[in-house]
Amino acid sequence: MYQERVQLAVDLRKQGYNCCQCVVGAFGDLYGFTREQSLAMSSAFGHGIGGMKDICGAAMGLFMLAGLETGTTRPKDPEGQGRVNKLVQELAQEFVRRNGALRCGDLLALPKPPAPETPNPDAEGKYYLNPCILKIQISAEIWCETLDRLRKA
């Protein structure tokens, strides 16, 4: 099941969705969201949060999923907030370990992988080698591993 979700995240990118949408869109149904709801709620976090090249959208997708999986809905819930904060910090650390950085701008400045990736148009319709597909795939794999760990505990 999980490998299909990793492939779905990659396929969503090939359709033109941003990094956060790809990660959340591949898993949102596990939390009761339709594909359209998943894509809409994550649409503002792509391209480094609203195109600002800040935190990578694929990582933001991980953090959104962490909130859906372990987040709190109660006000003044330090235990619940601590639980989700801990998970987000672990996810961020693993993302950096596998990708080298957390910020979109930093990731785009890193050397490109040796194998060419799928061309993908930017906002102006220009094609470029897309380093983001690998970040999306890695993020989906991290979330699959995290779900295995959390749901076995």
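Reader: Why are helices H1 and H7 called roughly antiparallel to each other?

Author: In this predicted model, the axes of H1 (residues 2-14) and H7 (residues 132-152) cross at roughly 155°. Angles run from 0 to 180 degrees between N-to-C directions, and those over 145 count as roughly antiparallel; H1 and H7 are therefore roughly antiparallel. Helices here are DSSP runs of H or I with at least four residues, and strands are E runs of at least two.

Reader: What makes residues of H1 and H7 count as meeting?

Author: Contact means heavy atoms within 4.5 Å. Among the residues that meet are Tyr2, Val6 and Arg13 in H1 and Ile136, Ala140 and Asp148 in H7. The residues of this contact divide into ten nonpolar, one polar and four charged; Asp, Glu, Lys and Arg count as charged, Ala, Val, Leu, Ile, Met, Phe, Trp, Tyr, Cys and Pro as nonpolar, and the others as polar.

Reader: Why is asparagine 99 called buried?

Author: Buried means under 20% relative accessible area, with a 1.4 Å probe and protein chains only. Asparagine 99 has 7%, so this residue is buried. Asparagine 99 lies in helix H5 (residues 78-99), and its C-alpha atom is separated by 7.1 Å from that of lysine 135, 36 residues apart along the chain. Of the 153 residues of the chain, 42% count as buried.

Reader: On what basis are residues numbered, and which pLDDT limits apply?

Author: Residues are numbered from 1 along each chain as its sequence is written, and side-chain values use heavy atoms, leaving out hydrogens and water. Local features need pLDDT of at least 70, side-chain atom pairs count only at pLDDT 80 or more, and totals for chains, interfaces and linings use all residues.

Definitions and conventions
Angles under 35 degrees count as roughly parallel, over 145 as roughly antiparallel, 65 to 115 as roughly perpendicular and the rest as oblique. Buried means under 20% relative accessible area, exposed over 50%, partly exposed in between (1.4 Å probe, protein chains only).
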